[in-house]
Amino acid sequence: MKNLKLASASVLCMAAASAGSATAEDLTLCWAAWDPANALVELSKEFEAQSGHTMSFEFIPWPNFADRMLNELNSGGKLCDLLIGDSQWIGGGAENGHYVKLNDFFDAEGISMGDFADATVYAYSTWPKGSENYYALPAMGDANGWFYRKDWFAREDIRTAFQEATGRELAEPKTQKEMLEIAQFFQGREIDGQTVYGAAIFTERGSEGITMGVTSALYPWGFKYENTPGSYDMEGAVNSPEAVEALEFYKEFYETATPPGYTNSYMGESLDAFKSGQVAMAMNWFAFFPGLYADPDTGGDKIDFFVNPPQNQEGSTLGGQGISVVAYSDKQDAALEYIKWFADPEVQQKWWDLGGYSAHKAVLESPTFKDSAPFAGDFLDAMGAVQDFWQEPVYAELLLAMQKRMHDYVVADQGTAKEALDKLIEDWTEVFEDEGKL
């Protein structure tokens, strides 16, 4: 009888092992190819060990990321089980049925969106905006910020020259206009036998670059997409006097304080300009700041960081993404296991420690967070005043229009700022009329 029980137990163990192997899945997570993606690969080894699932990754270079992934979603492709998609995609992901709605899953697993930073839940997870319909878990908080050559700012000869030129001490800028003044001071200056320039800003036309750069000026001036949220009434908002002044400011910045030839600059060009010693300052996403700080040539004691400065108000351009389960996946249960694991506060802390940007309040509100990295406090400030581009399902058409109008004015020197914004309203009005929203 004892042997029979042992045999039965052995059969049960074998059956359980067989069942476990039958449910183990090979999940594919799709995202952009950049430093945080490498950190996620490392982090996900823990999920593999705990779950028995295997993680594969499809990382697409940023210039091709949107086209590649949106084509995949629109065709109902099964490449991605999980997708860390841009914030602007959430409307299309929800309305077109690309993303699994997560409310019931969150309720069943005790995952509360109240545990994540409010701005990230609003921007990365909800559709319609402000509703409690969730199609993603906040995965990667991000905003456009600034970094500068701390070692140059500290040199007595440079500090003296700046004081004589401007009447004030050289320090991190407290306004947009102070930032331009600093950039213009460095423009064409010789440092250690090399001619340097003021700053690297975004001017790229092909994807989203110049829009992400221009809005870093528009938002601090008080720019709004609509007079009344959800009304699409853009006249007097998009082309307000403050918006015109901000756009003129960005054009002046481009013309008077950037390296020559930077007519199509985005993330990579900004990083290259700074690391090669060409510029005193540069804008880029906080996602790159851990790597910049670790750079052996221009990182460490030579670099420091600041939040996008205010002008009429605080304002930063939102980056970052949520993680969604793709509706066309045949492995949704396993993908949901990954979401549950990733939402755990301990995993979120490890995510930050590895170089990702957690949006979990347990991480962000920790008393040790601000001192955990030289840019951590600035990141908190930025995420407290972020604004995002249209998250409409037709965001791609809206973005193409803005890319053209902004590049034509800022870089190609066509027309006035007011004319560019007026034309942008015309473009956007046509898009929304075609969608039946006007």
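Helix α6 (118–124) and strand β13 (386–387) each supply at least two residues to the lining of the largest pocket. Helices (H or I, at least four residues) and strands (E, at least two) are DSSP runs numbered from the N terminus. The model is predicted, so that local features need pLDDT of at least 70 and side-chain atom pairs count only at pLDDT 80 or more, while totals for chains, interfaces and linings use all residues. Residues are numbered from 1 along each chain as its sequence is written, and side-chain values use heavy atoms, with hydrogens and water left out.

The largest pocket holds about 760 Å³ of space. On a 1 Å grid over the protein atoms alone, a pocket is an open set of points with protein on both sides within 12 Å along at least five of seven lines, a cavity is a set of points where a 1.4 Å probe fits but cannot get out, and lining residues have an atom within 4 Å of a point. Grid points are joined across faces, edges and corners, and a volume is the space filled by probe spheres set on the points. The lining of the largest pocket comprises 26 residues, of which Tyr122, Lys129, Tyr225, Glu226 and Asp388 are the closest to the centre. With 4 residues, α6 gives the most to this lining. By class, the lining has 13 nonpolar, 6 polar and 7 charged residues; Ala, Val, Leu, Ile, Met, Phe, Trp, Tyr, Cys and Pro count as nonpolar, Asp, Glu, Lys and Arg as charged, and the others, Gly among them, as polar.

The chain is assigned domain 1 (25–142 + 319–387) and domain 2 (144–317 + 394–434), with bounds that come from an automatic or database domain assignment. The centres of domain 1 and domain 2, taken over C-alpha atoms, are separated by 27 Å. Their contact takes 23 residues from domain 1 and 23 residues from domain 2, where contact means heavy atoms within 4.5 Å. The largest pocket lies between the domains because both give residues to its lining.

The second largest pocket has a volume of about 500 Å³. Among the 26 residues that line this pocket, Trp62, Pro63, Ala66, Ser207 and Glu208 are the closest to its centre. Helices α3, α12 (267–275) and α18 (395–410) each supply at least two lining residues, and the largest share, 6 residues, comes from α3. The lining divides into 16 nonpolar, 5 polar and 5 charged residues. Domain 1 and domain 2 both contribute to the lining of the second largest pocket, so this pocket also lies between them.

In domain terms, the largest cavity draws at least three lining residues from each of domain 1 and domain 2. The count of cavities of 30 Å³ or more comes to 3. The largest cavity has a volume of about 110 Å³. It is lined by 15 residues, and Asp86, Glu208, Trp285, Gly319 and Gln321 are the closest to its centre. Of the lining residues, 7 are nonpolar, 5 polar and 3 charged. The second largest cavity, of about 50 Å³, is lined by Gly85, Asp86, Ser87, Ile90, Tyr99, Tyr124, Ala136, Gly322 and Ser324. Strands β3 and β12 each supply at least two residues of this lining.

Strands β3 and β12 also belong to an open sheet of 5 strands, with the order β2-β1-β3-β12-β4 and mixed pairing. Two strands pair if DSSP finds at least two bridges between them. Strands β2 (54–60) and β4 (137–140) stand at the edges with a single partner strand each, so one side of each has no neighbour in the sheet. From one strand to the next, the twist averages 30 degrees. Strand β3 (residues 82–86) runs antiparallel to β12 (residues 321–325), and 5 bridges join the two. Leu82 has Val325 as its bridge partner in β12. Helix α2 (residues 35–51) packs on the sheet, touching β1 (26–32), β2, β3 and β4, and its direction makes about 170 degrees with that of β2. Helix α3 (residues 62–74) lies across β1, β2, β3 and β12, at about 120 degrees to β2. Axes are lines fitted to C-alpha atoms, for helices over the stretch in contact, and angles run from 0 to 180 degrees between N-to-C directions.

A further open sheet has 4 strands in the order β8-β9-β5-β10, with mixed pairing. Its edge strands, β8 (197–200) and β10 (303–306), each pair on one side only. Strand β5 (residues 144–149) runs antiparallel to β10 and is joined to it by 4 bridges; Phe147 has Phe305 as its bridge partner in β10.
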